[in-house]
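These notebook entries record what I looked up in one structure.

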Amino acid sequence: MSEPSLRSLIQPGISKRTDFPIRMTSMALLIIDIQEELSKIDVDSSEYKHSTSLPRMITNSERLIRAVRASRNHGKGGEVIFTYLECHTNNSRDVSFDYKLSGSLSSLPNPNHPAKFIHGITPIAGEDIRIPKSSCSVFQSTNLDYILRNLHVEQLVVVGQLTDQCVESAVRDAADLGYLVTVVEDACAANSEEDHQRGLYGMQGFSRIISTYQALQEIGSAECNEGNDGWLMTVEDSINDKTSSSITDVHSFSISSASSFALNRTEGYQTAILRSLRAAGVKFLRYTVVDAYNTIRCKTVTVSHTMSLLAKRNQRTSTASTLPLESVACIAEVCFAGLPTHADTCVSSSNLSAQNVLTLEPDFSTLRVLPYAPKTAMIMCTAHNQRTRELSPLCTRGLLKRVLYEARRDVGVEFCVGAELEFMLYRAGRDGSFQSVDMSTFANSTSLNEQEDFISALHDQLEQQDIPIEQIHAESAPGQLEVVLNHSNDVLQLADNILFARETVTACAKQYGMKALFLPKTSENQAGNGLHLHFSFHDVSCDQTNSFSDPTRLTGISSKGESFVEGILEHLPSLLSFSLPTANSFRRMGPGCWTGHEVGWSIEDKEVPIRVCLDLKARNVTNVEYKLSDATANIYLELAMILSAGMQGMKHRKKLRPMLGDVAASYQHVVSVNPMPTSLQTSLDILKTDEFLLSILGSALSTAYIAIRESEASVGKSLEDEVADALKRA
């Protein structure tokens, strides 16, 4: 999937300029008026200008140019654009009236005497872009805006002179034209420190203002650029470059002004995290991923070791270029999609082997100290190619992130998802066999009364991890509980919360002498465990909180909401490969199981697979429930596929089919029965022909996923054996 445009990510009134660091595929480095005519050091130059301002600007601009060119030359994006004072006529009659009133500026370099550039800051013909200008702002006297839009540039990184004149004018105009502007303050020059500060103050409401060091860090760490070691070395050379241009040779030593000094905040944050963890008694940091088949895989790094890495970095005894919490753990690629759940044996038809390794890159927003293992903190990761650092196509968490970006960019919506997590509690009897902790029925108080201590502890442990709970109640089977997680507009965080909640339920049950099973079916004669998902959305272009609902329509669902539901229904037989991914999952499906057995939808009917829900107070449609889901599914992969199916319906404006059993006169016909697959293998066979869902998965993941799931489907296990194995693992 292509990257979303930066403009599409802006949330009016919420987003800040600091939310948009440099992205190479969307940026251009704009060099303003760094030319020999304006950069001479003479007796009339102020001490500040010739000893500080010009040398600093030239040195830092050269470093930035070198880094952006390296990115561009390696196919990673970035444009270098020089704009400079030069008129189109030999007698300068085409210069602006302002310049005609400004003394020496009334006569500019011209075709007979063209502008001269400084060594090291010279355009490369045919690669860099040259735009002569004859006014203060480049946007007023050139076609720069036209060129930038042809190049799909959305970000401008601005350097040059003078800070309070041509630079400030260009920045203000660029912001008004819709560009995200970053000013590199120590790569700009002015006649005095006061002028420089005045210019920066005038631009702070129109741009980000950062240092060269921070700009180079962002160029070197931008996600789209993580793919070429040679290029990264070039950027690191630019960051660490202590050489200066010929102009700076006049002075043996100088330091940057206080205003241009920038702290490496990312390293500071990681240092603070490590110290906080150590102070909280945390000894272990668990880097965690989930493979395609819902096996949690993790590696633990000791906090003391990570602190030692930080100390070496601070003492300059380490050559590592990454920060102490990053790139410290890796797992073989085959472990992400090549191993079945029942054995650590590679399935050859998955086309994966133990040859490659993926690094685990942490998402710091997920860091949680585990209440049931208080010496450990867990952090969710994405998987990246060890050599190129690119996001792996086998990373399902990364896939969900990509789908959510696409939803905002292509469809213009942000999703809201809720989840109902069901599980059964067992306790060992005197004979050692495990039995349900009670014989309670749906919404009965028995389980709530008898398991109150466990439920209270579970609530507290989830709350400590910032996992909000809406409801807890007894479900239909003996010893069965349901925990309802709050609906969330942060879908990725909700997926993480489901994972954390599942781990917490398992650990907390053990603390109370019980075992928690999420197995879809534990008895042929009793209800099973599901993981029902609820979906709604809002349009990013309006303030409406729930764009799924429209009370003025016959169904109560908006037109876009109807298309979303129809998209899911069209792909539902294939989607079961992801939401009911085991042979046991299909034991839970059928007439009378409250899951549905026909492809279709209805309003508030618990016997259909896609149930449209009403708000308890307003009685309006509020969301759609996907019932054919259980906790054996990889939640990231499942959500990515369901949302993609719904989004395809939205993009093609699919018309929603009638409700199951609806014979309303407006439809003029009875809906035919459309049975769903009754086995995992049947669903996989249908998936093989679903070109759209296969395209979302990608070649590598689709090949491996189908191969492994078919391997698992061929393993014949009795229900009793499945329950026995689940109890051993719990």
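Entry 1. I worked from a predicted model. The largest cavity holds about 60 Å³ of space. I then listed its lining: Val289, Val290, Phe336, Met380, Cys381, Leu394, Cys395, Thr396, Arg397 and Tyr636. Strand S7 (284-290), strand S12 (376-385) and helix H12 (396-411) are the elements that give two or more residues to this lining. Sorted by class, the lining of the largest cavity has 8 nonpolar, 1 polar and 1 charged residues.

**Entry 2. Nonpolar cores.** I next looked up the largest nonpolar core, which has 123 residues. Phe415, Phe423, Phe454, Phe535 and Tyr626 are those with the most contacts inside this core. Helix H15 (residues 491-511) contributes the largest share of the core, 12 residues. I took Phe535 as an example and listed what this residue touches, leaving out residues up to four places away in sequence. The list for Phe535 is Cys416, Val417, Phe564, Asn623, Val624, Tyr626, Leu639, Ile642 and Leu643. I also noted a second, separate core of 30 residues, with Leu148, Val167, Tyr179 and Val181 among them. As a general matter, nonpolar side chains in soluble globular proteins tend to be buried together.

**Entry 3. Helix H18.** Which residues of helix H18 (residues 680-687) are buried? I found Leu680, Ser683, Leu684 and Leu687. Viewed down the axis of H18, these buried residues fall within an arc of 100 degrees, so they line one face of the helix. An α-helix has 3.6 residues a turn, so residues three or four places apart point the same way. I then checked the partners: the buried residues of H18 pack against helix H16 (559-579), helix H19 (691-697) and helix H20 (699-713).

**Entry 4. Second largest pocket.** I recorded about 1100 Å³ of space in the second largest pocket. Its lining comprises 35 residues, and Thr341, Leu519, Thr632, Ala726 and Arg729 lie nearest the centre of the pocket. At least two lining residues come from each of H15, strand S17 (515-517), H20 and helix H21 (719-729). Which element gives the most to the lining of this second largest pocket? I found that H15 does, with 5 residues. By class, I counted 16 nonpolar, 9 polar and 10 charged residues in the lining of the second largest pocket.

**Entry 5. Backbone geometry.** I kept in mind that most residues other than glycine have a negative phi, and most peptide bonds are trans. Against that background I noted a cis peptide bond between Gln161 and Leu162, with omega at about -10 degrees. Leu162 sits in the loop between strand S4 (155-161) and helix H5 (163-176).

I then looked up positive phi values. Asp466, a residue other than glycine, has a positive phi near 60 degrees. Asp466 lies in the loop between helix H14 (452-464) and strand S15 (469-474). Is Asp466 buried or exposed? Its relative accessibility is 63%, and the cut-off for exposed is over 50%, so Asp466 counts as exposed.

Arg653 also has a positive phi, near 50 degrees. I placed Arg653 in the loop between helix H17 (635-651) and H18. Arg653 counts as exposed because its relative accessibility is 73%.

Methods
Residues numbered from 1 in each chain as written. Predicted model: local features only at pLDDT ≥ 70, side-chain atom pairs only at ≥ 80, totals over all residues. Heavy atoms only, no water. 1 Å grid on protein atoms, 1.4 Å probe; cavity = no way out; pocket = protein on both sides within 12 Å on 5 of 7 lines; lining within 4 Å. Points joined across faces, edges and corners; volume = space filled by probe spheres on them. Helix = DSSP H or I, 4+ residues; strand = E, 2+ residues; numbered from the N terminus. Nonpolar A, V, L, I, M, F, W, Y, C, P; charged D, E, K, R; others polar. Buried < 20%, exposed > 50% of the residue type's maximum accessible area, 1.4 Å probe, protein only. Arc of directions from axis to C-beta. Contact = heavy atoms within 4.5 Å. Core = buried A, V, L, I, M, F, W, Y, C linked by side-chain atoms within 4.5 Å.
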